[in-house]
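Hello,

Here is the structure I promised to pass on to you. Have a look at it first, and then read my notes below.

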Amino acid sequence: MTATTQKLNPVELQKLEKDGLAVLDDIYRYAQSGDINNVTESDMNRFKWYGLYHDKPKDGFFMLRVRLPGGIMTADQADAIVHLAETVAPGRVEITTRQTFQLHTIALRDIPTVFQTLESVGLSSIEACGDVPRNVVSSPVAGIAADEWLDPRPFFKALDEHFAYNSDYSNLPRKYKISVAGGGLDATQAPINDLAFTPGRKEIDGESVLGYNVWVGGGLSHEPYLAQNIDVFVPADPELVVEVARAVTLVYRDFGYREKRNHARLKYLIADWGAERFREEVERYLGHTLERAATDVPPAVYSGDVVGVFRQKQPNLYWVGLLVPTGRITPAQIREAARLSREYGQSEIRLTHSQNLLLPYIPEARLEALLAEPLLQELQPNGPRIQRTVVACTGLPYCNFATIETKEAAWQLAGALDSRVELDVPLRIHLSACPHSCSQHSIADIGLQGGVIRNPDGSKNKLPAADILLGGALGDDATIARRVATKVPWSELAERLGNLVTTYQAQRTSPEDQFRHWAKRQSDEQLRDYLGFGQPETEEGVWTEEGSWNKSR
């Protein structure tokens, strides 16, 4: 039921006809036949409610995304992923920017086997996709970072238990993403989530109370928006956090836009209503007013980099972050990570927003032996500075929206820059293969949105290219990156970005003067000059009003 009268788009009509969660029996029926042609268009869309997307070229093979709250999994669960990848999901295994695994090339007939295998180890793909609350993310070092204010694990677990497979929320206007922070080393990308909880402390009735401030309306894709603080503080009680999250989500369910799919995320409702009106509606749903937001808050830091060896807050324990090349990991590497987690740690593995992997709870006395293990020579904890935070979306050949291959292209580009520039601070490069921003290129230091351009030799084979966005950030100085150049041939990127980063390194005032701070001080014209484009009009090309270099492309 909605509180507004709207003309519904076709997907909304499909959802009214049959809820997404109601497709499970049909999935089993379709799998028994094994014929992809039997699957109706509307049911194919509902497959997303069970974490399934039809892989390119839509010939009967699927990508499945696992629901993994906070990116934390056991060694036994990792073994189950290995088993699936070696038996019924022979395509690429990927770590995503929302701290989970994606498996590719699953045949229709094998989907029930995947579901059963996941269930046998306490995993699921339910609502990993679709117009529902997705996988709840948190800091990859939740509960182990020395400087966190709150351990977010009880909170994101409570949220996951409440929202997963709950028909109250199985028909939201669009996908819905939640994050829970603890403060400390690595923030949880709060500004780009639909609903985010960030730690704070305030005095209530003469007592100092820890809890969460509430943010709503973040999201990227074609039109990136940063979340707004709605001036609400929730004491650190999982039941209270769930209560507020429920009200926020119901307001979105009942008032969110359903006429156009590309204008249905919560960010658009917040942009129109504003934070105050939204908060008032949340309070109306709750039946009581809420505490105003805390002003005593920890610094919100986001580097994206937890690769390396770090001391935990638990005495004599460390976590070791392993560098996974743009999230591509083999079944053998996952199996070995599971073994190492058992032998050296506490049978726990964590996945990060930068598509890397952590082994926590390593005793100090075992560190040397762990670091000598063969896997850590492949997935190096001391990997190159730029490669350790480079992020790439799925891209070709699997994604139906992708225009270019991303994984290897981004890795090689980052490697070329690492060989040219020696940095002592993180530099985040994110590559997306289309405007959907699955790699989150809009909040990267250097964001790249892939595309293609005409081949100068006149052939029909188009060449890979990218728009360049600069100066994005998360944390206290969260900023959407500025698009300063478009349609730049991929073959030119390493040299041009190398010029840019070298200029930053020469001009920065101190190591604390990070790339995003420096980029903010530069005009678009200056940044283009540092990229090596020269003056706005040259024999080489012309800058159009849209910022395209060489409009003939």
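Helix H2 (24-33), helix H5 (111-120) and helix H6 (153-163) each give at least two residues to the lining of the second largest pocket. Helices (H or I, at least four residues) and strands (E, at least two) are DSSP runs, numbered from the N terminus. H6 provides the largest share of that lining, five residues. The pocket has a volume of about 540 Å³, and of the 24 residues lining it, Arg67, Gly122, Leu123, Ser124 and Ser125 are the closest to its centre. By class, the lining has 13 nonpolar, four polar and seven charged residues. Here Ala, Val, Leu, Ile, Met, Phe, Trp, Tyr, Cys and Pro count as nonpolar, Asp, Glu, Lys and Arg as charged, and the others, Gly among them, as polar.

Before you go further, please keep in mind that this is a predicted model, in which local features need pLDDT of at least 70 and side-chain atom pairs count only at pLDDT 80 or more, while totals for chains, interfaces and linings use all residues. Residues are numbered from 1 along each chain as its sequence is written, and side-chain values use heavy atoms, with hydrogens and water left out.

Strand E7 (residues 178-180) and strand E8 (residues 195-204) run parallel and are joined by three bridges, with Leu195 in E8 as the bridge partner of Ile178. Contact means heavy atoms within 4.5 Å; axes are lines fitted to C-alpha atoms, for helices over the stretch in contact, and angles run from 0 to 180 degrees between N-to-C directions. In the loop between H6 and E7 you will find Tyr165, which has a positive phi of about 55 degrees although it is not a glycine.

Now for another sheet: five strands form an open sheet in the order E15-E16-E17-E18-E19, again with mixed pairing. Strand E15 (391-392) and strand E19 (482-489) are at the edges with a single partner strand each, so one side of each has no neighbour in the sheet. Strand E16 (residues 429-432) pairs with strand E17 (residues 446-453) in the parallel sense over four bridges, and Gln449 in E17 is the bridge partner of Ser432. Helix H14 (residues 490-507) lies across E16, E17, strand E18 (463-470) and E19, at about 140 degrees to E19.

Which residues line the largest cavity? They are Tyr302, Ser303, Pro426, Arg428, Asp445, Gln514, Phe515 and Arg516, around about 50 Å³ of space. On a 1 Å grid over the protein atoms alone, a cavity is a set of points where a 1.4 Å probe fits but cannot get out, and a pocket is an open set with protein on both sides within 12 Å along at least five of seven lines; lining residues have an atom within 4 Å of a point. Grid points are joined across faces, edges and corners, and a volume is the space filled by probe spheres set on the points.

Enjoy exploring!

Terms used. Pairing = 2+ DSSP bridges.
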